[in-house]
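Biologist: Please take a close look at one part of this model, its pockets. What lines them?

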Amino acid sequence: MALDDDLQLASIIKELSGVDPVSWGLYSFSRDRYREKVSDERKKALIQAAIDTGRREGERVRALYGSDPYRIAEKLNLRIETSAIKQMKGRIVFATFTYPDLITIMEEPIQKAVSSDEVREIIGEDDIKRLMIGHEIYHVLEERNENLGTAKEKVVLWKLFGKEHTGTLSAPSEIAAASFSETINDFPISPMILDIMLYWGYNREDSYALYSEIMGICGKETL
């Protein structure tokens, strides 16, 4: 299928909707700077723990405030704004949290992603915004609640004179945030799919490469 085919992104989204949560977790770990320091067995344990933590916290928050992420943000005294595209260190940013209370959603990547009817039939602009807000809300809760723990998973980098030097893993936090957002939004697809969708409008080749990577992780063939 040619990369300029208008139907390709919709087809990719449909394919990715069947990817299991652990495979998405392995994809997230592939972007962690300390991934080589974590055994496969520990990765899978951390992935499942993060998925469960995000789901439990999502269920807790839904019981308190309902399933509307805008309302949840309001109850948590968070503000939501939209902005044009933003780049940080040359990378496109889809959403940001500015301490102490501001979530900013970038409009341009969303508009580019949902430019076709075929995509909007599967996942629309409002769906994307709600998933992004849910993701950022989890990181706020994570900062406010030490018991969540997903932002504090450590790995030993090296030892010197009996003292351990550690680094903080980023993947567990990202996996839990995706699980949380999926839960509060009652959405049938992992929010990690936004990595592929939102890059598509800027670099289709790189976006397709991410899709191929994920399909390889879960042992499925690409389109």
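**The pockets**

Modeller: The largest pocket holds about 1,200 Å³ of space (the volume filled by probe spheres set on grid points, joined across faces, edges and corners). This is a predicted model: local features need pLDDT of at least 70, side-chain atom pairs need 80 or more, and totals for linings, chains and interfaces use all residues. Numbering starts from 1 along each chain as its sequence is written, and side-chain values use heavy atoms, without hydrogens or water.

A pocket is an open set of points on a 1 Å grid over the protein atoms alone, where a 1.4 Å probe fits, with protein on both sides within 12 Å along at least five of seven lines; lining residues have an atom within 4 Å of a point.

The largest pocket has 31 lining residues. Closest to its centre are R91, F94, H135, E174 and D195. Elements that give two or more residues to this lining are the helices α2 (21–29), α7 (125–144), α8 (171–184), α9 (194–200) and α10 (204–217), plus the strands β3 (91–93) and β4 (95–98) (DSSP runs of H or I, at least four residues, or of E, at least two). By class, 16 lining residues are nonpolar, seven polar and eight charged (charged means Asp, Glu, Lys and Arg; polar includes Gly).

The second largest pocket holds about 220 Å³. It has 16 lining residues, and P21, W24, S179, E182 and S190 lie nearest its centre. Two or more residues come from each of α2, α3 (40–65) and α8. Helix α8 gives the most, five residues. This lining has ten nonpolar, four polar and two charged residues.
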